[in-house]
Structures are given as C-alpha cells and as structure tokens.
Amino acid sequence: MEDISCDVLVVGAGPAGSMTAKWAARHGAQVVMLEKRQEIGSPVRCGEGISKSWLPEVGITPSPRWINVEVEGARIFSPSEKVMEINEKHAGNEVGYVVERDAFDKALAIDAANAGTTILLKTHATGVLKEDGKVRGVRAKHFGEPFTIRAKVTVGADGFESQMGRWAGLPTNLQLRDMDSCLQYRMTNVDCDARYCDFYLGKVAPGGYVWIFPKGEGIANVGIGVQVSQVKSAAEVKSYLDRWIQKHPGYAKGKTIDMVGGGVSISQPVKQSVLPGFLLVGDAARMIDPLTGGGIANGCIAGKIAGEVAARAVQSGDASLEALLEYDRRWRQALEEKLLRNWIAKEKLVSLPDATFDKIIDALSGVKLEKLSVLNILKAVRDKYPEVTQEFEAFL
Amino acid sequence: MPGKRDRHIDSFGETCISCGACVGICPLNCIYLDEWRIGFDEDVCTRCGICVRACPVGAITIA
C-alpha cells in the first residue's frame, strides 16, 4: 500500500467517526476514514437503544432499514421489582428506538461516503505520526501491509478501547470504578413487552443495571453492566447475567442466538480532547453518558462539531491547538452540563442499598411526574420517604 | 511469594469474545484488539491484573 495524504483523517467508522467524516467532507475537506474490520458496524457491541430527540440536529433521518422497534417508554424495576414507568416524552438517553446497530452504522458510513469520504476497510492504525509536537497522521496497516497516512487534522474515533488518544498524548485512562464491564445475550422466545425498554437496578447488577431492549417478534437484547470495582472474581459479570435470567422464567425459557461484551466508561469526559492537529471524539473521549451508558447520541453530536471544526482548520490552514479548541469548547457547551449532572447522580446511585432503591422506585411509581428532573424526583421521594432525601435538603 | 514480574498472562483463552473491555481499562495501553484478536505486549505488561476483573467472561488468567 502506497503512503497517502489527506485533509482530515478519521480513525474508526463507528457513529462518531462517520459523523465527523460526513460533516468535514460536507464542508469541503478531503476526508479519509479507516475501519480496522472488514465490515462497518459488525460485530455489534451495543444494547441498541437510542433516543430520538437528537437525530434531526445531526442530520440523521430515521429509516426502517435500521429501526427494529419504536418503544413507548422505559420501565425501571427496583430490587423487589416495584416498577416506575417513564413515558417517551420524559425519558433520558435510552428510549425511542431499538435499532439494528450494524445497519445504523452502515447508514451513517453511507452518508459519509456520499459526502465524499474515502473509506478504507481492513485498515487499522498502529501508531500516531508526530512532528514538532503536532499530530500529522498515523501509521497503519491495510490488509496487513504497513503504510502511512498524513493528514492536516487527525481524529481519534476509535471507541471505548481507544489507543489513538494515548498515542497522541491525551490521558484517557480509566480507573476500575470508571468502567462497567458488560455482557449481552440476544435471546429469542422471551416474554418481553415490546412497548418498553426495561431496566433492573440494585444488587442484581452492582454499579450498573440489567437491560431488556425489545427487538420484536419475541426477540430481545438481555444485557448487564457491572462496575468493575465491584467485580470480585473472574467471569462474575456473566454469572450475574445468568443468575438474573434464571430467576426470570420469561427469559430463562429463551434461547441465546448471539453474545456480545464490551466496556462502557462511566467517568467524566476527558479533561482535554484536543492537541495540535488532533481531535478525540465519542466513546474514545469518554463522552458516554455515565448514568445511562449510552454513547451514540453524544458521539454523533460531538462528531458533527468535530467535522465542522476540522474542515475549518483545513480551510484556514490553521490546525493549531488554539484553532481546534473551538471543538472542545463547542462539544462541552452541548454536552458537559448533562454529563456532569448524570455523573453526580451515578456516583450516588452506585452506592445505594437495595432497600433505598425500593423506596425511591416505590415513591415514584405512584406519582405522575410532569417533567422528569432531579428536583421533581427528589420532591416526590421526600413526600413518601423523607429519610431517603435527608442529605439533599439543601437542594429542596 | 512470586513478584508481579514473575506472573504472566496465560492466555486470552478460548473463552475470549474479543469485546475489548480489557483494552480500554489497561493502564499501560499494552492490550490491543486488532481486527478480531486480542493481544498484548508482554514487555510492557506489569501483570497488574486489572484486565482480569474487567473481562466479562473470565477469559484472562494470570498465573
């Protein structure tokens, strides 16, 4: 493979990468996007639940090619399985569509390609090119053959297991408490309600939750995330999931047709997402919502900004730290307040005993909340169980 | 009692589902997921064992 050069190089063809590529190309940049695998979107490593509200702002048109099920809401189950229902209007990041994630990723890559992006499959980055303190592209292998790609702006969109950030010099390290280890079975012949995405909280999944996302026709994604700092022995995550399934006859009778695992960061986003000639985007920049574990929406929103800023840097011939900090400023403006709020909420939730989860869900199950906000939730809980909200009195 | 240096990652044995959870948590960035396979740089690895806990299916053993 001959060495090549381009304006904007995107490493990773997930949603954040394709969004970055599409918007950079639309703004006139010559874009190359690398994908290490032979097929974009596969294998799927995702619960596949997304909300709808953010799709128009990043230019994604919902399509039956990637929508499995449109759900009406979410149900949150406490440890004793009291239920709180949240309808679509009030639900957070995780409700709206259950998607066919491989088709979704391909649709976004097609958008990027149609905007002019060159896509190289079976091409993985093996290191970052740095000259005079600036990132100038990557070393890569295409069908195993080493070559280099030089770029005016390089974008790391290489997901949770990102190496680009650390190669370039941005700290993205996670502590054990900053990560949930996840496992999911796609099961058929299960008794799930296709109107809802279901979440089970408490000791069934310490520091995380069990999720049931319906795929239609008695098929569902049944998965679990457990905070790694609460894992005590090897393969415990699988044991938790198997145990949960065994205790639920509607799922125990099901058959598993697919199994996926993966890591989800539940930390705050990276402190720094930009270096001279370099941007970090999506899961790689720890933009996953630490409360819900959802990463697609934030990755796409930041990806659009990254593409716009990268294209502008190319046009102006200025890919300095100062010029690219525009990206850092804009994605923080769009996402950081919610990320921080949800991180604080998550920090509280991972330490709650089952009895408290039961009280909170019990208090909330009986009330119709006008708007799902932290304040409204606290007030509703206080009315029934004042002792639970004692330490939040200052907010109330 | 053997020191950390004497321990080694036995394998990412047959249980490995190539999910990459260990790659993201490795404090030294020494585990990688190339197209399908997980591998690690033996010279960089300190046998800290963090990846063992992060693995959802128990595929990593340190002896």
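This is a predicted model: local features need pLDDT of at least 70, side-chain atom pairs count only at pLDDT 80 or more; totals for chains, interfaces and linings use all residues.
Visitor: Why are helix 6 and helix 7 of chain A called roughly antiparallel?

Guide: Helix 6 covers residues 296–316 and helix 7 covers residues 321–349 of chain A. Helices here are DSSP runs of H or I, at least four residues; strands are runs of E, at least two; both are numbered from the N terminus. The two axes come within 8 Å and cross at roughly 165°. Axes are lines fitted to C-alpha atoms, for helices over the stretch in contact, and angles run from 0 to 180 degrees between N-to-C directions. Angles under 35 degrees count as roughly parallel, over 145 as roughly antiparallel, 65 to 115 as roughly perpendicular, and the rest as oblique. Helix 6 and helix 7 of chain A are therefore roughly antiparallel.

Visitor: Which residues make the contact between helix 6 and helix 7 of chain A?

Guide: Contact means heavy atoms within 4.5 Å. From helix 6 of chain A, they include A:I301, A:I305 and A:V309. From helix 7 of chain A, they include A:Y327, A:W331 and A:L335. By class, the contact of helix 6 with helix 7 of chain A has 13 nonpolar, 1 polar and 4 charged residues. Ala, Val, Leu, Ile, Met, Phe, Trp, Tyr, Cys and Pro count as nonpolar, Asp, Glu, Lys and Arg as charged, and the others, Gly among them, as polar.

Visitor: How do you know that helix 1 and helix 6 of chain A are roughly parallel?

Guide: Helix 1 of chain A covers residues 15–26, and its axis crosses that of helix 6 at roughly 30°, coming within 7 Å. Helix 1 and helix 6 of chain A are therefore roughly parallel. Their contact includes A:M19 and A:W23 of helix 1 of chain A and A:G303 and A:G307 of helix 6 of chain A.

Visitor: What makes the crossing of helix 1 and helix 2 of chain A left-handed or right-handed?

Guide: A crossing is left-handed if the near helix is turned anticlockwise from the far one by less than a right angle, and right-handed if clockwise. Helix 1 passes helix 2 of chain A in a left-handed crossing. Helix 1 passes helix 6 of chain A in a right-handed one. The angle between helix 1 and helix 2 (residues 101–114) of chain A is about 15°, with the axes 8 Å apart. Helix 1 and helix 2 of chain A are therefore roughly parallel.

Visitor: How many domains does chain A have, and what do domain 2 and domain 3 bury between them?

Guide: Chain A is divided into domain 1 (4–60 + 101–175 + 268–347), domain 2 (70–96 + 176–265) and domain 3 (348–392). These bounds come from an automatic or database domain assignment. Domain 2 and domain 3 of chain A bury about 1200 Å² between them, 68% of it on carbon and sulfur atoms. Buried area is the accessible area (1.4 Å probe) that two parts lose on being put together, summed over both.

Visitor: What do chain B and chain A bury between them?

Guide: Chain B and chain A bury about 2300 Å², 55% of it on carbon and sulfur atoms. In chain B, B:N29, B:E35 and B:R53 lose the most area to chain A, together 29% of what that side buries. The contact joins 25 residues of chain B and 34 residues of chain A.

How values were computed:
Residues are numbered from 1 along each chain as its sequence is written. Chains are lettered from A and ligands numbered from 1 in the order in which they are written. Side-chain values use heavy atoms; hydrogens and water are left out.
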